[in-house]
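Welcome! Let us take a walk through this structure together, one stop at a time.

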Amino acid sequence: MTTPYQQQSQAPVPPQSPPQSPPQGPPQAAPPMPPQAPHQTNPYQAAPHHHAPHHSAPHHHTQPPQSQPHQPHQPHQQMPSGPPSQPYAGVGPYTSPIPVRRTSLGNALASEWTKIKSVRSTIWTLSVMVALVIGIGLLVAATTADSDYDTVPTTLPGFFGTLLGQLCVVTLGVLVITSEYSTGMIRTTLTACPQRSRVLTAKALVFFTLSFTITTVALVLVAYASMGMHSGPAVAEPTGDQILGATVGAGLYVSLLGLLSLAVGAILRHSAGAITTMLGVVLLPSILPAFLMMSDSLRDLGSKMLEYSSPQSLASLFQIDDGLNNGWPQLSVLAGITAAAMIAAYALLEKRDV
């Protein structure tokens with residue numbers, strides 16, 4: 001006859017049951033088994049999940065885990081890096097949703113305009129120039145009488161402010177390009193636009209247009225304000241050529257001087273050196289003739305240098321003296337010097353590394 005302990009050991013054990021530890025201590029005697037009918041089911045067989053008293057913790061009957069059907073290994077698919085609507089890299093080429101087109105000079109002009117209007121040096125320099133031209137011009141026009149304009153045109157007051165205002169344009173022309181070299185932003189500019197000649201062309205066009213427009217508007221305001229303050233029979237009315245020279249001619253001369261400064265800045269790539277060089281170009285032709293004309297052999301050179309100096313050229317454009325020309329020859333010489341400097345700047349920009 002089988003004992004209850006033997007029947008329980010023969011019962012199936014779930015696969016996930018922890019191993020049974022043998023009872024500690026001396027073996028205990030088995031309790032007497034009550035009489036059972038032949039057809040009665042053994043209580044230990046009816047509830048195999050009950051444990052013997054010698055176990056430390058009861059075991060709960062758990063169903064054996066159902067085996068999952070074997071699934072074949074799926075190869076790993078690489079997700080696309082683009083938008084979900086784009087095809088996978090293995091299926092077809094990636095197409096950017098942003099329209100791509102070739103850049104042009106217009107894009108470079110827009111970039112340079114954004115840069116030149118975003119920096120404070122542009123605003124401050126042009127503001128000082130406008131304040132000098134308009135402020136000094138209106139001050140001279142207000143402190144002079146009608147009799148002072150019997151031999152000179154009433155557009156004369158703009159000349160005094162332009163003498164100082166041109167230095168502001170010279171400084172700004174240098175900073176337009178040398179500031180990018182000092183900060184290292186020129187590398188970013190040339191990376192975005194590898195055509196270096198296009199970059200320099202855009203800088204020159206934007207700066208020249210801006211300086212010419214602001215200078216000419218300031219000179220026009222001073223000229224017509226002075227003409228309104230001084231009008232009468234004793235005042236000589238300015239001719240159309242005099243008004244044109246005192247407004248458009250003087251604005252063109254100052255803008256070409258600023259463009260020459262930009263070319264010198266592109267050649268030297270140093271703010272202090274380029275500004276010093278341009279101050280010498282503006283001031284030395286007015287100072288050196290005083291020493292050159294002391295020598296008989298250098299007198300002609302001194303007189304010619306004085307004639308094409310910046311103050312004398314502006315005086316010719318304003319037609320202060322009847323003995324002077326109308327200033328257009330000096331303007332032509334400055335345009336030729338500026339063109340030569342720009343050609344040198346283009347050549348050096350293509351050759352040199354940044």
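Predicted model: local features only at pLDDT ≥ 70, side-chain atom pairs only at ≥ 80, totals over all residues.

Leaving aside residues up to four places away in sequence, Leu-200 touches Ile-177, Leu-262, Ala-266, Met-342, Ala-345, Tyr-346 and Leu-349.

Now turn to α8 itself, and to its partner α9. Helix α8 covers residues 240-268 and helix α9 covers residues 271-292; the two pack at an angle of about 140°, with their axes 9 Å apart. Because of that angle, α8 is oblique to α9; the cut-off for roughly antiparallel is over 145 degrees. The crossing of the two helices is right-handed. On the α8 side, the contact is made by Leu-257, Leu-260, Ser-261, Val-264, Gly-265 and Leu-268, while α9 brings Gly-273, Ala-274, Thr-277, Met-278, Val-281 and Val-282. Sorted by class, this contact of α8 with α9 has eight nonpolar residues, four polar ones and no charged ones.

Our last stop is Thr-155, in the loop between α4 (120-143) and α5 (157-183). Is Thr-155 buried or exposed? Thr-155 has a relative accessible area of 2%, and buried means under 20%, so Thr-155 counts as buried. And which residues does Thr-155 touch? Not counting residues up to four places away in sequence, they are Ala-223, Met-227, Pro-238, Gln-242, Ile-243, Ala-246 and Phe-318. The chain also brings Glu-237 into this part of the picture: Thr-155 and Glu-237 are 82 residues apart in sequence, yet 9.6 Å apart in space, C-alpha to C-alpha.

Conventions
Residues numbered from 1 in each chain as written. Heavy atoms only, no water. Helix = DSSP H or I, 4+ residues; strand = E, 2+ residues; numbered from the N terminus. Buried < 20%, exposed > 50% of the residue type's maximum accessible area, 1.4 Å probe, protein only. Contact = heavy atoms within 4.5 Å. Axes fitted to C-alpha atoms, helices over the stretch in contact; angles between N-to-C directions. Parallel < 35°, antiparallel > 145°, perpendicular 65-115°, else oblique. Left-handed = near helix turned anticlockwise from the far one by under 90°. Nonpolar A, V, L, I, M, F, W, Y, C, P; charged D, E, K, R; others polar.
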